[in-house]
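Subject: Structure handover

Hello,

Please find the structure below, followed by my notes on it. Could you read them with the model open beside you?

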Amino acid sequence: MNGIVLMLVAAAVLVCGYLFYGRWLANKWGVDAEALTPARRMEDGKNFTPASAFTVFSHQFSSICGAGPVTGTIVAMAFGWVPVVLWVLVGGIFFGAVHDFGALYASMKNNGKSLAQLIEKYIGKTGRRLFLLFSWLFCIIVIAAFTSMVCGTFKFTAAADGSVDVAKSYAAGCAGTISILFTFVAIAFGWAQRKFNLSGAAEFGVAVVSIVLMFAVGMQFPLYLNLNQWIAVVMVYLVFAGAMPIQTLKQPRDYLTTIMMVVMIVCAVLGIFVLGFQGKATITAPAFTGFSTKSGMMFPVLFVSVACGALSGFHSLVSSGTSSKQVSDERDAVKVGYGAMVLESFVGILAIIIAGIMFSDMNTAGTGALNVVDATGKAVASTPFQIFAAGIARGMQSFGIDGTVATVFMTMNVSALALTSLDAVARIARTSFSEFFASSNDALAIESKAGAMKVLGNPWFATVVTLIPGLALTFGGYLAIWPLFGASNQLLGGMTMITLAVFCKCTGRKGAMLYVPVAFLLVCTFTSLVQSIFGCVNALAAGTAVSVFNSVLQLVFAVLLVVLGVIVAVNCLKEFFGAKAGSMPDEEPEWTELGRKNCAAAADAKVAGATNTPAAE
């Protein structure tokens with residue numbers, strides 16, 4: 001199979017999915033162009049902050065497009081590239097994008113409530129507390145894993161005498177410097193956006209110049225730090241990213257990062273085209289290897305391995321936790337929720353194509369010519385990120401980009417894929433912690449200054465409390481339960497979809513398009529978790545467990561996930577079959593003083609503008 005053909009076919013399918021199914025879904029659920037969104041009505045200068053369509057899209061896309069669309073798809077190619085492509089396309093259009101858009105839309109129609117708060121409204125308070133606990137623990141594991149991943153990318157490579165091997169560490173050092181610069185430049189860029197009311201071409205131009213300057217400085221002054229030093233740097237960054245008002249750091253950083261990621265996607269596409277014209281874009285990886293591998297059967301392994309490219313429960317936390325509080329026009333919801341997922345599915349397709357082309361030179365079996373060799377001389381399997389970065393860098397060189405520049409650019413991008421999801425997770429974990437203790441189910445409950453919420457709702461306190469266990473697990477502890485990440489992530493997706501089904505029925509909306517995804521996800525995740533439980537029990541009984549502690553921890557965690565999933569699913573089904581259609585209409589609009597003031601000013605300006613038009617005169 002030629003990579004160009006697969007890329008064009010997949011792109012056409014995804015575009016059609018967005019234009020037809022995405023818009024049909026928006027019309028079916030009733031997107032209202034005249035509605036005042038929570039971001040405008042409840043503006044508070046902290047979490048509820050109205051932004052342009054591209055700014056919110058940038059936040060959504062950069063937050064959800066983490067390691068998943070690259071790692072999951074390439075690992076799942078053990079079954080062959082055809083099953084993975086089919087799941088990414090079908091899952092992305094009918095599962096993932098519906099899931100992301102649905103969580104965003106339901107939150108917006110309920111005054112910006114998080115998914116946990118939606119669960120309390122439609123299912124019950126116990127469900128909310130259980131879900132928040134699950135969400136917080138889930139986020140802590142992701143913080144640990146992604147911090148380890150990012151810092152492992154940035155750390156220097158030591159020479160035989162322990163000093164820095166500059167030749168091998170240069171790209172990582174440059175990317176590290178650029179990442180640090182990103183934080184300060186993002187804050188300055190955000191200030192300029194607000195101070196000078198930047199928008200459109202001017203905003204984009206300033207962003208591009210900022211990115212170019214950061215790369216130029218970074219390549220001149222690479223920073224060489226070891227793993228622990230980078231962990232300290234990342235943790236300090238996460239404190240500020242998690243606690244600061246979203247428009248101060250997170251919003252502008254996501255805007256800049258998305259531009260960089262889009263350039264990466266364009267470079268990947270151009271590289272595939274050029275390599276194709278040179279006869280070097282043939283996918284050499286096997287199309288299909290069978291229904292089972294050493295990892296297990298295709299069902300459920302494929303569907304819990306490929307998460308972000310097809311469906312990821314984590315996305316619902318972003319959609320309902322942060323993005324829903326930034327959308328200023330309800331019509332933008334389909335672009336943000338559905339569109340960002342479609343673009344991420346395309347990134348997954350590119351990862352499959354690049355890995356397929358690179359298969360003969362660099363593969364996960366450790367036999368490729370470009371695979372690294374450890375200190376003992378043994379070939380070490382390339383990681384999916386190494387394959388992805390090396391493949392795009394090769395494509396960039398094919399159309400004239402300097403090899404060093406291409407390597408630094410891709411090192412920065414693969415780290416950004418994880419880092420932007422990492423800071424989003426830190427923010428979501430912080431709000432989950434505060435929401436757990438809130439006495440009210442109101443979207444602004446964590447802003448309360450009454451009683452214990454003065455401390456528990458304080459963003460700095462909640463962020464630090466969240467990052468402490470995340471930091472502890474970064475040093476390897478998360479590996480004990482990481483094998484369950486895929487199943488827990490998709491279980492989160494299943495709980496989101498079943499909550500959306502209840503939301504649709506209670507508000508009188510059509511929800512039939514959710515029923516198949518709900519059933520599939522719940523069966524898939526419970527199958528995976530039950531298999532993990534039996535695997536741990538059998539290993540412990542036979543005395544073959546590599547680590548008794550790890551196996552016991554996995555066993556306990558898997559059982560807890562099953563119990564949580566069953567409780568939420570049963571309560572959702574009870575509410576679904578018991579509720580009358582249309583019995584719980586959308587919430588009455590809630591306002592903040594700032595929101596009311598700004599909406600009134602915008603309405604006055606609109607009237608004044610209409611009065612001063614030539615037609616009115």
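N197 is exposed, with a relative accessible area of 63%. For this term, exposed means over 50% relative accessible area, buried means under 20%, and partly exposed lies in between, using a 1.4 Å probe and protein chains only. N197 sits in the loop between α8 (166–195) and α9 (200–220), and its phi is positive, about 55°, although it is not a glycine. The helix names refer to DSSP runs of H or I with at least four residues, numbered from the N terminus.

Before the rest, a note on the source: this is a predicted model, in which local features need pLDDT of at least 70 and side-chain atom pairs count only at pLDDT 80 or more, while totals for chains, interfaces and linings use all residues. Residues are numbered from 1 along each chain as its sequence is written, and side-chain values use heavy atoms, with hydrogens and water left out.

Backbone

N111 also has a positive phi, near 55°, and is a residue other than glycine. N111 belongs to the loop between α5 and α6. Is N111 buried or exposed? N111 counts as buried because its relative accessible area is 3%.

The peptide bond from F299 to P300 is cis, with omega near 15°. P300 is part of helix α12.

Helix α5

Helix α5 covers residues 81–108, which is 28 residues. At 1.5 Å a residue it should span 40 Å, and its end C-alpha atoms are 38 Å apart, which agrees. The expected span here is 1.5 Å times one less than the number of residues. Where is the kink in α5 centred? The kink is centred on G92 and is about 55°; such a bend is the angle between axes fitted to the seven residues ending at a residue and the seven starting there. Of the 28 residues of α5, 24 are buried, so the helix is mostly covered.

Aromatic pairs

How many aromatic pairs does the structure hold? There are 36. Rings of Phe, Tyr and Trp (its six-membered ring) pair if their centres lie within 6.5 Å; planes under 30 degrees apart count as stacked, over 60 as edge-to-face, and the rest as tilted.

One of the pairs is W87 with F303: the ring centres are 5.0 Å apart and the planes are at 85°, so the pair is edge-to-face. W87 is in helix α5 and F303 in helix α12 (residues 298–305), so that the pair links parts of the chain 216 residues apart. Both W87 and F303 are buried.

W136 and F433 form a tilted pair, with 6.0 Å from centre to centre and 40° between the planes. This pair joins helix α7 (residues 125–154), which holds W136, to helix α16 (residues 403–437), which holds F433, across 297 residues. W136 is buried at 17% relative accessibility, and F433 is buried at 11%.

Ring pairs also link F131, F134, F138, Y478, W482 and F485 into a cluster.

Salt bridges

The structure has ten salt bridges, each being a side-chain nitrogen of Lys or Arg within 4 Å of a carboxyl oxygen of Asp or Glu.

K113 and E587 meet in one of them, at 2.7 Å from N to O. K113 is in the loop between α5 and α6 (115–122), and E587 is in the loop between α21 (548–578) and α22 (593–611), 474 residues apart. K113 is buried at 5% relative accessibility, whereas E587 is partly exposed at 22%.

D586 pairs with R509, the closest N and O atoms being 2.8 Å apart. D586 is in the loop between α21 and α22, while R509 is in the loop between α19 (485–506) and α20 (515–542), 77 residues apart. D586 is partly exposed at 26%, and R509 is buried at 14%.

D423 and R253 form a salt bridge of 3.9 Å from N to O. D423 lies in helix α16 and R253 in helix α11 (residues 250–277), so the bridge ties together parts 170 residues apart in sequence. D423 and R253 are both buried. Salt bridges that share partners join K250, R253, D254 and D423 into one network.

Regards

Notes
Helix = DSSP H or I, 4+ residues; strand = E, 2+ residues; numbered from the N terminus.
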